[in-house]
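Me: I would like to learn how to read the features of a model like this one. Could you take me through them in turn?

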Amino acid sequence: MKLRFVLAEAALELVPKEAWKHPAVAADARRRGREPGSILLDRSTHHEAMLRLKDGPKRGRPDLVHSSILAVTGSPLYLEGRVALYVHTSGDIVLEIEERTRVPKSYNRFRGLVEKALSEEEGSGLVKAYRSSLPQLIKKLGADRVWGLSTQGAERSLDELAEEVVRFERPCVVVGGFPHGHFAPEVVGACDELVRIHAKPLEAHVVTSRLVYEIEKRVATAGTR
Ligand SMILES: C[S@@+](CC[C@H](N)C(=O)[O-])C[C@H]1O[C@@H](n2cnc3c(N)ncnc32)[C@H](O)[C@@H]1O
């Protein structure tokens with residue numbers, strides 16, 4: 001079993017053109033010595049500039065994406081090469097993290113890495129960026145079953161879900177990489193089923209770490225006693 005882990009519609013993007021001239025963005029870009037269109041949209045500094053953006057509440061949370069990525073890449077399952085990690089952004093760009101790559105724990109270094117990857121047409125290196133919708137990505141992964149994690153899904157225990165996931169050779173799980181809202185219809189359509197693992201909405205990194213751990217417990221890893 002090798003898990004395909006997809007963080008979908010992640011709130012990760014370069015500042016869109018309509019916000020370049022907003023004072024909050026212009027000042028941040030100047031402070032960093034960068035062009036406004038080459039820095040990540042970030043609610044913590046660009047909140048005012050985001051008020052008029054379409055789907056604003058779902059966007060501009062690179063910190064949230066970073067913590068979810070770290071929850072995967074710090075796991076023994078990932079370090080043993082049993083997880084392939086894909087970050088699909090709300091703008092339909094996929095960041096493919098090379099197997100077993102340690103993503104920077106420092107947020108500033110992570111931001112620099114992602115800004116570079118998103119600025120390149122066809123990125124290469126440890127984080128490769130390319131255009132792809134979520135359904136196109138799922139198709140490319142050749143998964144034999146796809147579970148979308150969502151509060152709008154059918155209630156199932158995490159135990160039961162993990163038991164089922166490990167029975168497949170190429171299972172794929174999809175977690176939303178956004179702070180508010182729900183999966184777009186095309187993401188729902190790309191999943192075989194939607195699963196709710198808790199009565200309340202949880203943060204993406206909490207769902208991610210719990211899910212990876214439950215799957216890891218059920219497959220033999222080198223550190224397993
Ligand atoms: C911060 S949540 C998004 C908020 C959204 N309002 C919601 O209810 O899921 C980020 C992601 O975590 C996952 N998630 C959060 N709570 C969950 C739950 N109780 N069951 C299953 N997945 C959950 C989903 O994949 C969701 O897209």
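**Ligand, sheet and loops**

Reply: We can start at the ligand, where one of its nitrogen atoms is 2.8 Å from a polar backbone atom of Leu202. Keep in mind that this is a predicted model.

Me: How much of the ligand's exposed area does the protein bury?

Reply: The protein buries 92% of the 540 Å² that the ligand exposes when taken alone.

Me: Which residues are closest to the ligand?

Reply: The closest are Leu149, Thr151, His198, Lys200 and Leu202, out of 19 residues that surround the ligand. For His198, a backbone N or O atom lies 2.9 Å from a nitrogen atom of the ligand. At Ser150, a polar backbone atom is 3.3 Å from a nitrogen atom of the ligand.

Me: Next, the sheet. What is the order of its strands?

Reply: As a general idea, strands of a sheet pair through backbone hydrogen bonds, either parallel or antiparallel. Here the sheet is open, has seven strands with mixed pairing, and runs in the order S4-S3-S2-S1-S6-S5-S7. Strand S4 (127-131) and strand S7 (193-196) are the edge strands, each pairing on one side only. From one strand to the next, the twist averages 30 degrees.

Me: In which sense do S1 and S2 pair, parallel or antiparallel?

Reply: They pair in the parallel sense, over six bridges. Phe5 stands opposite Leu85 in S2. S1 also pairs with S6 in the parallel sense, over five bridges, and there the bridge partner of Phe5 is Val173.

Me: How many residues of S1 are buried?

Reply: Eight of its eight residues are buried.

Me: What about the pairing at S7?

Reply: Strand S5 (residues 145-155) pairs with S7 in the parallel sense over five bridges. Glu155 stands opposite Arg196 in S7.

Me: Which helix packs on the sheet, and which strands are touched?

Reply: Helix H6 (residues 134-141) packs on the sheet and touches strand S1 (3-10), strand S2 (83-89), strand S3 (93-97), S4, S5 and strand S6 (171-176). The direction of H6 makes about 170 degrees with that of S1. Helix H9 (residues 204-217) lies across S1, S5 and S6, at about 160 degrees to S6.

Me: Now a single side chain. Is Arg59 buried or exposed?

Reply: Arg59 counts as buried because its relative accessible area is 13%, and buried means under 20%. Its place is in the loop between helix H2 (43-50) and helix H3 (62-73).

Me: With which side chain does Arg59 make a polar contact?

Reply: The side chain of Arg59 makes a polar contact with the side chain of Glu13, at 2.7 Å. Leaving aside neighbours within four places in sequence, Arg59 is in contact with residues including Ala11, Pro16, Leu41 and Met50.

Me: Last, backbone angles. Which phi value does Asp92 have?

Reply: The general idea is that most residues other than glycine have a negative phi. Asp92 is not a glycine, yet has a positive phi of about 60 degrees. Asp92 is found in the loop between S2 and S3, and counts as partly exposed because its relative accessibility is 24%.

Me: And what of Arg100?

Reply: Arg100 has a positive phi of about 65 degrees although it is not a glycine. Its loop runs between S3 and helix H5 (107-119). At 45% relative accessibility, Arg100 counts as partly exposed.

How values were computed. Residues are numbered from 1 along each chain as its sequence is written. This is a predicted model: local features need pLDDT of at least 70, side-chain atom pairs count only at pLDDT 80 or more; totals for chains, interfaces and linings use all residues. Side-chain values use heavy atoms; hydrogens and water are left out. Two strands pair if DSSP finds at least two bridges between them. Helices (H or I, at least four residues) and strands (E, at least two) are DSSP runs, numbered from the N terminus. Axes are lines fitted to C-alpha atoms, for helices over the stretch in contact, and angles run from 0 to 180 degrees between N-to-C directions. Contact means heavy atoms within 4.5 Å. Buried means under 20% relative accessible area, exposed over 50%, partly exposed in between (1.4 Å probe, protein chains only). A polar contact is a pair of N or O atoms within 3.5 Å; within protein, one must be able to donate a hydrogen and the other to accept it, and residues adjacent in sequence count only if both atoms are side-chain atoms. A residue is near a molecule or strand if one of its heavy atoms lies within 4 Å of it. Accessible areas come from the Shrake-Rupley method with a 1.4 Å probe; for residues, only the protein chains shown count as cover.
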